[in-house]
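Please find below a colleague's note on the structure under review. The points are numbered so that each can be checked in turn.

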Amino acid sequence: MTPEQIPEDRFEVGIIVARRRLKGPWASHAWLPIEALPAAPETAPWTQLSESEEEATFYAGAHEVTLHIGETAHYRDNLVSGRPSLWVTLHATSEETYTVASVTADPYEGESMAEGIGEIVEAVPMPPEVQAKLLAFFEAFHIERKFEKRKRDRADPEALARRAPGTQGKPE
């Protein structure tokens, strides 16, 4: 494989977020990542794109997606899922402002990011151009690993019986 044929392991995407009006008594609105653009446009971060009574959309800015050779099986799982996605994390920088903290194509990393407190994590549809980059990376670097179930050592009941009472689990 020549250097020109090696797929990118990092690229930028543009992130679109929405500020949606809520009807509950505890909050007036919620922020939510809603779309990823296949490239970062020449637009200033937090430029308002549209506004209606229920929702305002903003271009939140560009963020780099990094691909790792050891995660190619995860990327395959994402691509064949029926709904390839990018997971976008928004981090509050103050009460009313957010920044794009991370974007990943690894569904398992995205799931683990959603377990954090105080972060907004959402899966957004992966643009076809990004799907093509992910597929090229997968095809170039994936090595199928055979699953081998570990065999457990059988316990020796005689050795367990020889231990003195009260020493269970303590080194001799």
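The points below go from the overall fold to single residues.

1. Overall plan. The model is predicted. The protein has 4 helices and 7 strands. Along the sequence, these elements follow the pattern β-β-β-β-α-β-β-α-β-α-α. Of its 172 residues, 30% count as buried. Contacts between residues at least 6 apart in sequence were also examined, and 62% of these join residues at least 24 apart.

2. The sheet of three strands. An open sheet of 3 strands has the order β6-β5-β7, and the pairing is antiparallel. The strands β6 (98–104) and β7 (119–125) stand at the edges with a single partner strand each, so one side of each has no neighbour in the sheet. From one strand to the next, the twist averages 25°. The antiparallel pairing of β5 and β6 runs over 6 bridges.

3. Helix α3 and its buried side. Helix α3 covers residues 128–141, which makes 14 residues. From its first C-alpha to its last, α3 reaches 20 Å, close to the 20 Å expected at 1.5 Å a residue. Which residues of α3 are buried? They are V130, L134, F137 and F138. These residues cover an arc of only 100° around the axis, and therefore lie on the same side of α3.

4. What covers the buried residues of α3? The cover includes β1 (10–21), α1 (72–79) and β5 (85–92). On the face turned away from the buried side, α3 carries the exposed residues P128 and E139. The student may wish to view the helix from each of these two faces in turn.

5. The structure holds 7 salt bridges. In one of the bridges, the side chains of E64 and R10 meet with an N to O distance of 3.0 Å. Because E64 lies in strand β4 (residues 55–66) and R10 in strand β1, the pair ties together parts that are 54 residues apart in sequence. Both partners are partly exposed: E64 has 35% relative accessibility, and R10 has 42%.

6. R21 forms a salt bridge with E54, and their closest N and O atoms are 3.5 Å apart. This pair links distant parts of the chain, since R21 belongs to strand β1 and E54 to the loop between β3 and β4, 33 residues apart. R21 is partly exposed, with a relative accessible area of 39%. E54 is also partly exposed, at 36%.

7. The side chains of E144 and R76 meet in a salt bridge at 3.0 Å, N to O. E144 is in the loop between α3 and α4 (157–162) and R76 is in helix α1, so that the pair links distant parts of the chain, 68 residues apart. Elsewhere, salt bridges that share partners join D9, R10 and E64 into one network.

8. N78 is found in helix α1. Its relative accessible area is 2%, and N78 therefore counts as buried. Leaving aside residues up to four places away in sequence, N78 touches R83, P84, S85, W87, A105, P107 and M126.

9. A backbone angle to check. Most residues other than glycine have a negative phi. W46, however, has a positive phi of about 65° although it is not a glycine. Where is W46 found? W46 is in the loop between β2 (29–37) and β3 (47–51). At 31% relative accessibility, W46 counts as partly exposed.

Methods. Residues are numbered from 1 along each chain as its sequence is written. This is a predicted model: local features need pLDDT of at least 70, side-chain atom pairs count only at pLDDT 80 or more; totals for chains, interfaces and linings use all residues. Side-chain values use heavy atoms; hydrogens and water are left out. The expected span of a helix is 1.5 Å times one less than its number of residues. Buried means under 20% relative accessible area, exposed over 50%, partly exposed in between (1.4 Å probe, protein chains only). The arc is that of the directions from the helix axis to the C-beta atoms. Contact means heavy atoms within 4.5 Å. A salt bridge is a side-chain nitrogen of Lys or Arg within 4 Å of a carboxyl oxygen of Asp or Glu. Two strands pair if DSSP finds at least two bridges between them. Axes are lines fitted to C-alpha atoms, for helices over the stretch in contact, and angles run from 0 to 180 degrees between N-to-C directions.
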